[in-house]
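Please open the structure in the viewer and keep the selection panel at hand.

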Amino acid sequence: MMKQWGVLFKKEWTESVRNFKWLWLPVVFILLGVMQPLTSYYFADIIENFGGLPEGAVLDIPPPSGAEVLAGTLGQFSQIGFLVLVLAFMGTVAGEKSHGTHLMVLVKPVSYFNYLTAKWVHILLISLSSFVVGFAGAVYYTALLIETVPVNNVLSGGAVYALWITFIMTLVLCLSALFRSTAIVAFGSLGTALLMSVLSMYTPDLMKWSPGMLSSHSQMLFYSGDTGDGFWVSLAMTIVLITGIMTLTIYMFNKKEVAGHTE
Amino acid sequence: MSLIETARLTKKYNGNAAVDTVSLSIREGVCTALLGPNGAGKTTTLNMLTGLIKPTEGEIDFNKNYAGDRRKHIGYLPQYPKFYGWMTGEEYVSFSAELAGLSKKKAKESTNKMLSLVGLEEDRRKKVSGYSGGMKQRLGIAQALVHEPKLVILDEPVSALDPIGRREILELMKTLKQHTSILFSTHVLHDAEEVSDDIFIMKKGKIIIEGGLSELQQKYQQPAFFIETEKAMDNWLSSINEKSWVRQSKLDKKKLTLTVEEVDTARDALLKDPMLHKLKLLKFEVAKTSLEDLFMKVMR
Ligand SMILES: Nc1ncnc2c1ncn2[C@@H]1O[C@H](COP(=O)(O)OP(=O)(O)OP(=O)(O)O)[C@@H](O)[C@H]1O
Ligand SMILES: [Mg+2]
């Protein structure tokens, strides 16, 4: 049983090594991570050179704090980073279903639990590794160019944000397993992420439990080393939801027909 | 005891039965053909046997001697096999073997054996995306056999191939059937006649004819005469049609196919008939109708 899981995991791993996902996803995150401290640092220069300010005007923008820069980095990750991750993995099951490559796999004595969790763990491993290297880049350049942020704040904030990524990628796997159209997977997961973030921003009182609160908790950790109200509720709820979504996905996948059509 | 048996197996899509109360019994150690035109329900039936599709009604029983998940004992080649193109042929076959539970070492051994059996040794390190249709078909057979299943199910294994590829696969199937039971689908009677022992003919979701090949051939092969003459046969034929030994006649201009009860009586009677001699015989041939005639008739 475990052995079969290993076989399936190795297939996922080799596939993303060969199609360079293991290269370009970390690269995207490193670029995003490094860009934020760099642009913050050179912001004043950039404006002076290209902003077309009137002669003699003195620019006096206070430099951002390290925590602000890191929070901005997470903002980049939540927009461009998520988009890239979702596009990279929306086809993980849906693509196999529409090509038909899953048939010769699932016709073997393969447990659907193994098939789905091997993909899940692999997706999380790539996504979180990319996040870690990208975030490490951001932390490094922030320390170098702006100021150091206390290590504890950085680590705890990063860990909380990693859970938010885990939640979104679990959703990607779920939709990919249950739908054949990758468009549904992309819109569904990005839409949910956006909706949760927006609701958390405008009605934080109602959304205390929501995984969408996690990214603002992680930003607060950068600033103060403390989370906001309701952190534990949203943390617990996120873990419950991740477990629930995975269980439901495996259950539904078992019930669904493997061969939807006969061509 | 048979290897796999179905009882009133039915699959409905939006109320229409793609497979309709099909009761099959596949014997162990033989090659069975599931024969039928496009849309007969062959793929749907096979997919239910492999577990890829769930039946709306009916049951499937696998031989009790082979316990557990029946997928362990089945090897399957889909009608349109789709591989991970980024793998090499060798990687794909050994991936399949390991999925079926073989140890790494065993998987490797079995992979080597299968690749040489299907003749892909030279191309084993090429990416599957670069394989031709015929090579993919052979790779598909290799992955179906690699865990030494009790039953190999091949969905139209030769339909997509050119005559040479077709020949190769049919020969391969003849070799295979000495070791494993095979169930394959086809829409060509000739393929079924060439390799199979048992035949099920399917049409519009139903099994309409079933039996052993030789039994069916005997049952449906009737003695017949092909007769050609210089003059028109119409008048003479109406007198012949009255005879008790005639089963059926079919006249096409000056060519007559006469199906009869028994060869000897008919031949004597025909050759002694002076009327026939007056029509100036061009051709007089004793033959047999084939399963083909039956097949064409039921398929219409
Ligand atoms: N998912 C589906 N939804 C609706 N109808 C379906 C579905 N799958 C199969 N059918 C119908 O069931 C019937 C049998 O299809 P099937 O593919 O089993 O036939 P077949 O004998 O394999 O044909 P072919 O020789 O073309 O492969 C067809 O009429 C087909 O349109
Ligand atoms: Mg078919």
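This is a predicted model: local features need pLDDT of at least 70, side-chain atom pairs count only at pLDDT 80 or more; totals for chains, interfaces and linings use all residues.

Residues are numbered from 1 along each chain as its sequence is written, chains are lettered from A and ligands numbered from 1 in the order in which they are written, and side-chain values use heavy atoms, with hydrogens and water left out.

Select chain A: 10 helices and zero strands are found there (DSSP runs, H or I of at least four residues for helices and E of at least two for strands, numbered from the N terminus). Its C-alpha trace spans about 75 × 40 × 30 Å along the principal axes.

Next, select helix H6 (residues 112-145) of chain A, where Phe131(A) and Phe135(A) lie four residues apart, about one turn of the helix. Their ring centres are 5.4 Å apart and their planes at 15°, so the pair is stacked (rings of Phe, Tyr and Trp, the last by its six-membered ring, pair if their centres lie within 6.5 Å; planes under 30 degrees apart are stacked, over 60 edge-to-face and the rest tilted). Phe131(A) is buried at 2% relative accessible area, and Phe135(A) is buried at 6% (buried means under 20%, exposed over 50%, partly exposed in between, with a 1.4 Å probe and protein chains only).

Now move to chain B and select Tyr84(B) and Tyr92(B), a tilted aromatic pair with 6.2 Å between centres and 45° between planes. Tyr92(B) is buried, with a relative accessible area of 0%.
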